[in-house]
Amino acid sequence: MTIHAATSTGTVLIVTGPPGAGKSTVAPLVAARLGPLVATIEADWFWTIVTAGFIPPWEPTSNDQNRTVLRSVISAAAEMATGGYQVLIDGVIGPWHLPVVTDVLESRGVDLDYVVLRPDLETCLDRARARATGQARVPDHPPLTASGPIRHMWNEFGHLGRYESHVIDTSRLDHEASADEVRRALVAGELRVSSVS
């Protein structure tokens with residue numbers, strides 16, 4: 001895929017799905033398959049800046065917090081994209097959040113692509129359990145392994161309406177094959193949500 005020159009505006013690709021879907025492993029592999037100007041943003045890091053009053057993002061009362069943190073993530077991505085980078089965002093960003101995302105990106109003239117990695121529930125739970133003994137990617141914030149919140153978020157991603165065409169079932173794909181499929185769909189234009197160019 002050809003990436004814009006540094007003087008042109010890049011695009012944003014959101015790689016999302018429920019916890020345990022493989023986002024944080026697949027996103028860097030997708031980035032490695034793109035051009036020379038690529039930036040990857042792990043949205044999980046932005047949650048660590050809430051040092052008081054944090055609400056677990058799956059709780060019903062977390063909506064205002066979630067929108068604020070998400071707007072911060074997308075604003076950072078927009079800044080990188082306007083500098084010419086292809087930006088990948090790895091995070092739990094459901095289609096119910098896309099109005100916030102497109103509001104920020106369209107105001108900056110940045111196109112958005114969106115892909116949902118959605119293996120079956122048992123695969124998500126197995127992958128979450130497997131990472132419980134690993135080192136946390138975000139210091140002092142271990143990966144989510146509790147089955148309750150994972151089941152909740154998997155159900156949230158279970159029926160996406162118009163965005164079902166953006167889903168890749170990775171239940172039987174390893175990480176490399178998943179990244180290949182994301183890149184194929186991206187190049188084919190199957191993941192585009194909004195285009196301002």
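Me: T102, buried or exposed?
Reply: T102 counts as buried, at 16% relative accessibility. Buried means under 20% relative accessible area, exposed over 50%, and partly exposed in between, with a 1.4 Å probe and protein chains only.

Me: What kind of model is this?
Reply: The model is predicted: local features need pLDDT of at least 70 and side-chain atom pairs count only at pLDDT 80 or more, while totals for chains, interfaces and linings use all residues. Residues are numbered from 1 along each chain as its sequence is written, and side-chain values use heavy atoms, with hydrogens and water left out.

Me: Where is T102, then?
Reply: T102 is in helix α4. Helices (H or I, at least four residues) and strands (E, at least two) are DSSP runs, numbered from the N terminus.

Me: What is T102 in contact with?
Reply: Setting aside neighbours within four places in sequence, T102 is in contact with S107, L112, V193 and S194. Contact means heavy atoms within 4.5 Å.

Me: Which other residues of α4 are buried?
Reply: Besides T102, the buried residues of α4 are L98, V100, V101, V104 and L105.

Me: And what do they pack against?
Reply: The buried residues of α4 pack against β1 (11–16), α3 (63–82), β4 (111–117) and β6 (192–194). Just after α4, G109 has a positive phi of about 75°.

Me: How do α3 and α4 cross?
Reply: Their axes come within 9 Å and cross at roughly 35°. Axes are lines fitted to C-alpha atoms, for helices over the stretch in contact, and angles run from 0 to 180 degrees between N-to-C directions. The crossing of α3 and α4 is right-handed. A crossing is right-handed if the near helix is turned clockwise from the far one by less than a right angle, and left-handed if anticlockwise.

Me: Which residues meet there?
Reply: From α3, R67, L70, R71, I74, S75 and A78 meet V100, V101, D103, V104 and L105 of α4.

Me: Changing topic. How many helices and strands in total?
Reply: The protein has seven helices and six strands. From the N terminus on, the elements run β-α-β-α-α-β-α-β-α-α-β-α-β. Of the 197 residues, 46% count as buried.

Me: Among contacts between residues at least 6 apart, what share join residues at least 24 apart?
Reply: That share is 82%.

Me: Now W96. Where is it?
Reply: W96 is in the loop between β3 and α4. With a relative accessible area of 38%, W96 is partly exposed. Neighbours within four places aside, W96 is in contact with M153, E156 and F157.

Me: How many aromatic pairs are there?
Reply: Three. Rings of Phe, Tyr and Trp (its six-membered ring) pair if their centres lie within 6.5 Å; planes under 30 degrees apart count as stacked, over 60 as edge-to-face and the rest as tilted. One of them is W47 with F54, edge-to-face because the ring centres are 6.4 Å apart and the planes are at 75°.

Me: And why is the pair of W96 and F157 tilted?
Reply: The ring centres of W96 and F157 are 5.3 Å apart and the planes are at 55°, so the pair is tilted. W96 lies in the loop between β3 (86–90) and α4 (98–107) and F157 in the loop between α6 and β5 (167–168), so the pair ties together parts that are 61 residues apart in sequence. F157 is buried, at 0% relative accessible area.

Me: Which residues of α6 are buried?
Reply: In α6 (residues 147–156), P149, I150 and M153 are buried. They cover an arc of only 100° around the axis, which puts them on the same side of α6. The arc is that of the directions from the helix axis to the C-beta atoms.

Me: What do those pack against?
Reply: The buried residues of α6 pack against α5 (121–130). α5 and α6 pack at an angle of about 145°, with axes 10 Å apart, and the crossing is right-handed. L121, E122, C124, L125 and A128 in α5 meet S147, I150, R151 and W154 in α6.

Me: Last one. At what angle do α1 and α7 cross?
Reply: The axes of α1 (residues 23–32) and α7 (residues 175–187) cross at roughly 55° and come within 9 Å. That makes α1 oblique to α7. Angles under 35 degrees count as roughly parallel, over 145 as roughly antiparallel, 65 to 115 as roughly perpendicular and the rest as oblique.
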